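Colleague: Could you take me through this model by question and answer, giving the cut-offs behind each term as we go?

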Amino acid sequence: MTSTPTVLDDVTRTESSLRQFLHGLPGVDQVGAEARAAGLGTRSIKTSAKAYALDLAIRMVDLTTLEGQDTPGKVRALAAKAMRPDPADPTCPAAAAVCVYPDMVATAKQTLGESGVHVASVATAFPSGRAALDIKLADTRDAVEAGADEIDMVIDRGAFLAGHYQRVYDEIVAVKAACARSNGEDAHLKVIFETGELQTYDNVRRVSWLAMMAGAHFIKTSTGKVQPAATLPVTLVMLEAVRDFRELTGQMVGVKPAGGIRTAKDAIKYLVMVNEVAGQDWLDPDWFRFGASTLLNDLLMQRTKMTTGRYSGPDYFTLD
Amino acid sequence: MTTPFDYAPAPESRSIVDIKPSYGLFINGEFVDGHGKSFKTISPATEEVLAEVAEADDADVDAAVKAARRAYDRVWSRMPGRERAKYLYRIARIIQERSRELAVLESIDNGKPIKESRDVDIPIVAAHFFYYAGWADKLEYAGRGADPRPLGVAGQIIPWNFPLLMLAWKIAPALACGNTVVLKPAETTPLTALLFAEICQQADLPPGVVNIITGAGGTGQALVAHPGIDKVAFTGSTDVGKAIARTVAGTDKKVTLELGGKAANIVFDDAPLDQAVEGIVTGIFFNQGHVCCAGSRLLVQESIADELLAKLKRRMSTLRVGDPLDKNTDVGAINSAEQLARIRELSDIGEAEGAGRWSPECVLPQHGFWFPPTIFTGVTQAHRIAREEIFGPVLSVLTFRTPAEAVEKANNTPYGLSAGIWTEKGSRILKIASQLRAGVVWANTFNKFDPTSPFGGYKESGYGREGGRHGLEAYLR
């Protein structure tokens with residue numbers, strides 16, 4: 001049972017072939033990657049392009065609350081906000097999803113109903129991933145059964161850093177299997193790397209390929225619980241990986257930077273990067289998401305500024 | 001719903017610059033009318049006439065050299081280094097304060113994208129003045145003996161590709177060492193040099209320390225041949241450089257020449273490919289390829305050639321060619337009709353010689369001088385496009401199989417200004433770099449400039465070094 005595209009069958013056959021492949025990927029020059037990310041960050045997005053980018057960014061937000069103190073009330077409020085981010089403006093698009101812990105999935109699902117806004121649930125002993133595999137799988141099944149449309153799993157960073165690539169691979173494959181629903185559909189699987197712990201861009205490229213070969217629908221930078229979370233250069237390396245993966249296999253994989261993206265200006269920098277590195281096909285909520293909580297309000301404020309010409313204060317937007 | 005993410009125009013405002021209808025010559029601290037005819041400087045992006053500029057004749061050159069000599073004898077050579085430094089620091093700060101104005105003017109007159117004049121040219125200009133200001137009172141530590149002396153009056157001639165940056169490379173070390181200068185900017189790009197003259201006035205620089213005379217080849221010839229100068233510093237084409245060397249032969253004028261190049265950018269199969277693609281793009285499409293150290297020959301290891309070229313072509317498709325003042329423009333206008341004709345001629349020759357020509361689809365503006373980013377594949381060492389400097393956004397792609405072949409091909413050129421090496425293997429970088437006959441070798445980067453780093457060429461790329469401690473040697477005896 002594997003999701004690997006056939007062209008990569010040989011790669012995932014043994015631990016050593018997997019290692020050879022991952023270590024044979026072209027290296028990432030840190031200085032060059034960071035310079036490229038910074039260069040893309042200087043694009044100047046104005047007027048019609050900005051309006052397009054703001055709406056697209058809103059549609060890509062996975063509105064997130066992952067706190068120990070979360071309450072059903074807060075989750076319901078978040079879900080309501082995801083469906084109608086700007087109650088004063090019916091032309092404002094809905095967010096992509098709300099992202100919660102497994103025990104809040106049912107509450108979120110109930111509020112969201114058939115609105116089209118997805119419920120994403122973190123799973124697999126989020127955020128550390130330090131639990132036995134069957135516990136992670138049970139965690140996943142629990143969220144899927146409660147109605148989660150998307151599962152955000154964390155990889156075993158300890159295993160990855162120790163070079164046990166096969167174990168990480170097998171675990172992703174197993175979690176993906178656990179995403180299957182009884183009706184034959186799957187919850188979509190996002191694989192969180194926690195790039196702040198993996199540290200090097202070479203590792204980011206390797207883990208991206210590992211997850212894609214294991215069948216990830218999305219690759220995601222971070223849990224938001226570790227600093228640094230999402231950064232432009234890390235996302236650059238991941239976008240290059242999904243681009244190259246499609247080139248080789250024909251399959252598209254989505255990318256989700258999460259954590260630390262707070263302003264519309266930042267979000268637009270990411271969209272410019274998606275546009276110029278992966279290409280226009282990724283400029284869609286099915287293929288690119290922002291994991292964020294405070295970002296949405298800034299997007300809304302900028303959007304209101306674009307449509308009315310006036311800046312309104314934070315008091316005019318709902319707090320989550 | 002996926003629609004293309006078209007970037008709306010984001011033009012930098014021109015209102016910050018005030019271009020006068022006509023400009024005189026800057027001699028002895030004042031703008032004066034020239035005795036010669038005047039000529040027009042145009043915007044290469046629109047062909048709009050920007051200003052009339054005086055053409056200095058022999059009498060004007062003589063007046064400028066005499067002003068520089070007076071300032072040298074009476075003020076500048078006697079001034080303690082720490083006092084000279086104050087003027088240089090002041091100039092550097094004014095450049096920073098007026099950086100937007102300088103950047104916009106540079107882009108208008110030269111055609112280069114505003115993001116390059118704003119983020120590269122002008123910041124390095126200021127950095128150059130800051131750097132050499134720091135040297136002015138420490139010259140006895142420059143390795144030229146305990147009491148190094150200035151040369152006298154320097155005649156300096158600069159090209160149109162980095163107008164203000166080349167001015168800074170010339171003027172900052174000359175002044176720091178106690179020389180005075182007569183500088184001639186290129187005839188197609190005189191405006192930022194003339195704005196720099198205003199900055200000298202604003203900084204209260206003593207009259208005659210910096211003189212700026214505008215004109216074409218004849219003016220430059222008169223300056224080089226003038227008996228009153230002690231030093232010639234030239235950046236430009238190899239042909240003109242050779243003519244200058246002939247003119248000063250037999251005199252005791254010191255000369256530094258920074259001439260053309262045909263740099264090899266060598267990509268090994270273990271290179272960081274995505275960054276190498278960026279480096280290739282920066283190497284040849286930065287500043288429309290109007291860069292003497294441009295990486296105009298790509299030498300790629302055969303085993304990765306197809307993959308790299310596919311990545312390069314995809315990347316080139318995202319280059320935005322157009323209005324230099326648009327903040328999202330990556331490739332601006334070719335500087336002049338003359339240069340455009342030369343790029344077209346050599347590209348046509350490349351095609352006729354059998355190389356495969358490719359450019360991304362891009363709509364070029366109706367007016368002005370434009371050439372799309374272009375690569376030629378299947379190029380051999382025997383092709384003219386692999387040997388002659390095109391000085392435009394045109395890349396010749398060659399392949400190699402072994403490191404020895406890469407080095408042989410890289411060195412097989414009359415030039416020797418720069419080279420690039422792309423590999424993740426440190427030992428290979430060191431070994432290949434030591435075998436390349438080029439003044440600058442970049443490893444896993446390209447076209448990076450810093451005032452602390454010496455720059456200059458081997459063979460027909462000229463002699464002498466600019467920048468860093470080495471740059472002082474050209475202005476001290």
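Predicted model: local features only at pLDDT ≥ 70, side-chain atom pairs only at ≥ 80, totals over all residues.

Modeller: Residues are numbered from 1 along each chain as its sequence is written, and chains are lettered from A and ligands numbered from 1 in the order in which they are written.

Colleague: What is the order of the strands in the open sheet of chain A?

Modeller: Helices (H or I, at least four residues) and strands (E, at least two) are DSSP runs, numbered from the N terminus, and two strands pair if DSSP finds at least two bridges between them. The open sheet of chain A has eight strands with parallel pairing. Their order is S7-S6-S5-S4-S3-S2-S1-S8.

Colleague: Which strands of chain A stand at the edges, and why is one side of each left without a neighbour in the sheet?

Modeller: An edge strand here has a single partner strand, so one of its sides has no neighbour in the sheet. The strands of chain A in this position are S7 (254-256) and S8 (290-292).

Colleague: Are the residues of strand S5 (residues 188-192) of chain A buried or exposed?

Modeller: A residue is buried if 20 or more other C-beta atoms, placed from the backbone, lie within 10 Å of its own, exposed if 12 or fewer, and partly exposed in between. A:His188, A:Lys190 and A:Ile192 point one way from S5(A), whereas A:Leu189 and A:Val191 point the other way. Five of the five residues of S5(A) are buried.

Colleague: Which residue stands opposite A:Val191 in S6(A)?

Modeller: S5(A) pairs in the parallel sense with strand S4 (residues 150-154) of chain A over five bridges, and A:Ile151 stands opposite A:Leu189 in that pairing. With strand S6 (residues 218-220) of chain A, S5(A) pairs in the parallel sense over three bridges. The residue opposite A:Val191 is A:Ile219.

Colleague: At what angle do the axes of helix H3 and helix H6 of chain B cross?

Modeller: Axes are lines fitted to C-alpha atoms, for helices over the stretch in contact, and angles run from 0 to 180 degrees between N-to-C directions. The axes of H3 (residues 99-110) and H6 (residues 191-202) of chain B come within 9 Å. Angles under 35 degrees count as roughly parallel, over 145 as roughly antiparallel, 65 to 115 as roughly perpendicular and the rest as oblique, and H3(B) and H6(B) are therefore roughly antiparallel. Their axes cross at roughly 150 degrees.

Colleague: Which residues of H6(B) make the contact with H3(B)?

Modeller: Two residues are in contact if their C-beta atoms, placed from the backbone, lie within 7 Å. H3(B) contributes B:Leu102, B:Leu105, B:Glu106 and B:Asp109. From H6(B) come B:Leu191, B:Thr192 and B:Leu195.

Colleague: How far apart do the C-alpha centres of domain 1 and domain 2 of chain B lie?

Modeller: By an automatic or database domain assignment, chain B is divided into domain 1 (22-259 + 460-473) and domain 2 (264-450). Their contact takes 20 residues from domain 1 of chain B and 27 residues from domain 2 of chain B. The C-alpha centres lie apart by 29 Å.

Colleague: Which helix of chain B gives the most to the side that touches chain A?

Modeller: The contact between the chains takes 22 residues from chain B and 25 residues from chain A. The largest contribution to the side of chain B, five residues, is from helix H9 (residues 273-285).
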